[in-house]
Protein chains: 2
Amino acid sequence: MTSDKVAMLAARYGDAAIPSAGPWNAVIASLMQHRSVRGFKPDALPSGTLETLIAAAQSAATSSNMQTWSVVSVTDPAKKATFARLSGNQKHIEQCPMYLVFLADLSRLERIGVAEGKTLEALPFLETFLVAAIDAALAAQNAVIAAESLGLSTVYIGAMRNDPETVARELDLPPGCMAAFGLCVGYALAGHESAVKPRLSQSAVLHHERYDARHDATARAAYDRAMAAFSAGHERQSYTWTERVIVRVGRLSALNGRDRLADALRRLGFPLK
Amino acid sequence: MTSDKVAMLAARYGDAAIPSAGPWNAVIASLMQHRSVRGFKPDALPSGTLETLIAAAQSAATSSNMQTWSVVSVTDPAKKATFARLSGNQKHIEQCPMYLVFLADLSRLERIGVAEGKTLEALPFLETFLVAAIDAALAAQNAVIAAESLGLSTVYIGAMRNDPETVARELDLPPGCMAAFGLCVGYALAGHESAVKPRLSQSAVLHHERYDARHDATARAAYDRAMAAFSAGHERQSYTWTERVIVRVGRLSALNGRDRLADALRRLGFPLK
């Protein structure tokens with residue numbers, strides 16, 4: 001292993017859980033160094049950056065080439081302020097020069113059905129909504145990789161699902177189209193570059209031939225120590241991963257309205273059959 | 001623009017719809033050249049490739065750092081044959097040396113709840129399942145980018161959702177864990193390298209400030225011509241995109257059982273409230 005490779009694996013897994021990784025190159029090094037950034041300079045992006053990111057996004061795989069996603073680029077300050085407020089006052093949405101809202105979009109197929117006089121029987125199913133959400137995620141991740149390769153920073157905004165109906169009205173979304181998540185894109189503000197966050201060891205996440213939770217408790221104990229140390233050094237308070245999991249999924253209130261997502265989706269034109 | 005950049009954009013969008021993309025580099029060029037491959041050599045992957053791909057995958061963003069995904073690496077020929085059969089006889093699942101099954105996995109959090117004596121109220125909701133599916137997709141896409149950067153080829157297998165309960169039994173998945181999709185990884189077989197597939201023009205997919213379907217019909221007509229030409233040259237029969245959409249989502253039978261996904265998920269421990 002080169003020292004860079006070892007250092008990058010140590011940053012991601014901690015010194016005690018470095019996996020025996022094999023081939024390595026500059027692309028993989030770039031993926032390994034991802035960190036989410038929550039503070040942006042107001043600086044505009046170079047001309048054509050949006051179109052480059054979308055070309056990368058559209059190059060991702062899409063289920064059966066149905067391309068059931070779209071994206072709205074938001075730069076209007078008032079609109080960004082509205083989305084910041086709707087997402088639990090995440091100021092980085094206002095700060096970033098470009099806010100991309102990735103849409104799970106079955107409306108384009110619905111318009112084809114109308115234009116061609118065909119009933120599209122598969123559209124009302126949970127499966128087809130899931131395809132659209134996964135399509136949007138694959139595309140967005142390509143945009144993130146492209147952005148980071150250009151020295152830009154990003155952060156996903158799942159809180160765009162706190163109130164999907166208001167978001168849909170703000171963006172004039174047609175039925176069969178919903179904001180799956182947002183993505184802030186811009187240059188990291190000094191002091192907000194953040195650090196590579198440790199993850200669970202591969203022994204907890206990677207299984208061979210069959211699922212095997214045998215290493216789960218050991219991996220969690222080690223990861224609790226790693227996250228306590230990381231958060232003490234990089235965040236406002238120290239916490240273990242276990243503590244954070246319980247805060248995040250223990251109480252219904254932590255969903256910030258997203259417990260109503262199924263009903264909201266039905267009203268937005270996804271029957272989820 | 002460099003000629004490479006123009007050529008890559010032309011391959012992805014056709015000569016008539018080249019977007020005015022800006023910054024460009026080797027990572028973006030690699031993303032642009034993605035193609036799904038459905039024929040693999042039996043050649044084994046270099047030692048440590050799996051761990052490299054998973055390190056890249058775990059470096060993707062994950063909602064609130066909950067890491068609600070896992071992956072099973074399948075190399076056993078009998079198991080790959082079973083998954084090929086369960087996925088509508090997709091022979092490339094048998095052929096590829098490594099078949100990765102990406103899991104939307106809330107079971108790890110459930111085990112924490114049990115171990116800590118806490119009820120995790122947010123787990124039974126559609127929102128939390130969606131987070132897990134999106135987490136799995138972001139991770140998988142990083143694995144794909146890493147694999148392609150190493151000269152490997154991949155194809156996603158959504159048909160792993162045709163019969164999620166049998167797949168869960170084959171992989172010993174605990175409740176709260178489901179196979180979101182598979183991913184074949186290996187070296188492309190000669191003659192199966194495939195070509196960069198054209199996509200819809202950016203005018204159909206990318207919106208500014210608000211959703212605007214005004215360019216939809218024009219973009220679809222142009223894309224129908226592009227896909228007719230592409231499929232005539234690269235596939236067994238020529239078809240327009242509109243024709244393919246109607247085949248793929250027109251009839252319920254094309255879902256191959258995935259119209260029962262919601263019920264299957266409920267039985268697998270996702271109440272989807």
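Strand β1 (residues 69-74) of chain A and strand β5 (residues 206-208) of chain B run parallel and are joined by three bridges. Helices here are DSSP runs of H or I with at least four residues, strands are runs of E with at least two, and both are numbered from the N terminus; two strands pair if DSSP finds at least two bridges between them. To find this pairing on screen, look for A:Val72, whose bridge partner in β5(B) is B:His207.

A word on the model itself: it is predicted, with local features needing pLDDT of at least 70 and side-chain atom pairs counting only at pLDDT 80 or more, while totals for chains, interfaces and linings use all residues. Residues are numbered from 1 along each chain as its sequence is written, chains are lettered from A and ligands numbered from 1 in the order in which they are written, and side-chain values use heavy atoms, leaving out hydrogens and water.

Now step back to the whole contact between the chains. Chain B and chain A each bring 121 residues to it, where contact means heavy atoms within 4.5 Å. About 10400 Å² is buried between them, and carbon and sulfur atoms give 63% of that; buried area is the accessible area (1.4 Å probe) that two parts lose on being put together, summed over both.

The two chains also share 10 salt bridges, each a side-chain nitrogen of Lys or Arg within 4 Å of a carboxyl oxygen of Asp or Glu. One to look up is B:Asp216 with A:Arg111, whose closest N and O atoms are 2.7 Å apart. On the chain B side, helix α7 (residues 126-149) gives the largest share of the residues touching chain A, namely 15.

Next, follow helix α6 (residues 107-116) of chain A, where the buried residues include A:Leu109 and A:Ile112. Buried means under 20% relative accessible area, exposed over 50%, and partly exposed in between (1.4 Å probe, protein chains only). The buried residues of α6(A) pack against elements of both chains, among them β1 of chain A and α10 (216-234) of chain B. After this helix comes A:Gly117, with a positive phi near 65°.

Finally, turn to strand β4 (residues 177-186) of chain B. This strand is largely enclosed by the rest of the structure, because 10 of its 10 residues are buried. Strand β2 (residues 98-105) of chain B runs antiparallel to β4(B), with eight bridges, and B:Ala104 has B:Met178 as its partner.
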